[in-house]
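Let's walk through this model together, one question at a time. Have the view open as you read.

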Amino acid sequence: MQINSQMPEILDISINPLYQRAGFMIRTLVESAFRTGCLSVASEGLIRQVLEMKGYEASDLEALTVLYEAVNSGQIEREARNTSAISQLMPSGR
């Protein structure tokens with residue numbers, strides 16, 4: 001699997017000061033998907049849990065939107081077989 005080197009700057013937690021606060025899980029999972037070129041089933045499940053608990057902030061939703069667009073464009077592959085599941089990760093209204 002090819003590692004994607006075109007990770008958006010918003011996701012680079014090494015330079016993003018928001019990484020230091022508690023609500024960085026979604027961005028961390030999205031960054032992992034960009035680094036590996038694949039969104040794992042486990043990462044999708046964790047993202048879903050964070051969203052269900054409402055444990056996210058606007059920057060998490062921005063990262064999730066970037067991920068959604070990358071998956072739809074084929075830049076990131078999904079490990080899961082259900083192709084519509086990624087759209088279910090997006091909170092209503094996005």
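Angles under 35 degrees count as roughly parallel, over 145 as roughly antiparallel, 65 to 115 as roughly perpendicular and the rest as oblique. This is a predicted model, in which local features need pLDDT of at least 70 and side-chain atom pairs count only at pLDDT 80 or more, while totals for chains, interfaces and linings use all residues. Residues are numbered from 1 along each chain as its sequence is written, and side-chain values use heavy atoms, with hydrogens and water left out.

Q: Are α1 and α3 roughly parallel or roughly antiparallel?
A: Helices here are DSSP runs (H or I, at least four residues), numbered from the N terminus, with strands being E runs of at least two. Axes are lines fitted to C-alpha atoms, for helices over the stretch in contact, and angles run from 0 to 180 degrees between N-to-C directions. The axes of α1 and α3 come within 9 Å and cross at roughly 25 degrees. The two helices are therefore roughly parallel.

Q: Which residues of α3 meet α1?
A: Contact means heavy atoms within 4.5 Å. On the α1 side, the residues are I26, R27, V30, A33 and F34. Their partners in α3 are S59, D60, A63, L64, V66, L67 and A70.

Q: How are α1 and α2 oriented, roughly parallel or roughly antiparallel?
A: Their axes lie 10 Å apart, and the packing angle is about 160 degrees. That makes α1 and α2 roughly antiparallel.

Q: Which residues of α2 meet α1?
A: From α1, the contact draws on M25, I26 and L29. Facing them in α2 are S43, L46, I47, V50 and L51.

Q: Which residues touch the most other members of the largest nonpolar core?
A: A nonpolar core is a set of buried Ala, Val, Leu, Ile, Met, Phe, Trp, Tyr and Cys residues joined through side-chain atoms within 4.5 Å. Buried means under 20% relative accessible area, exposed over 50%, and partly exposed in between (1.4 Å probe, protein chains only). Among the 17 residues of this core, the ones touching the most other members are I47, L67 and I76.

Q: Which helix supplies the largest share of this core?
A: α1 (25-36), α2 (41-52) and α3 (58-73) each supply at least two residues of the core. The largest share is 7 residues, and the helix they come from is α3.

Q: Is E57 buried or partly exposed?
A: E57 sits in the loop between α2 and α3. Its relative accessibility is 38%, so E57 counts as partly exposed.
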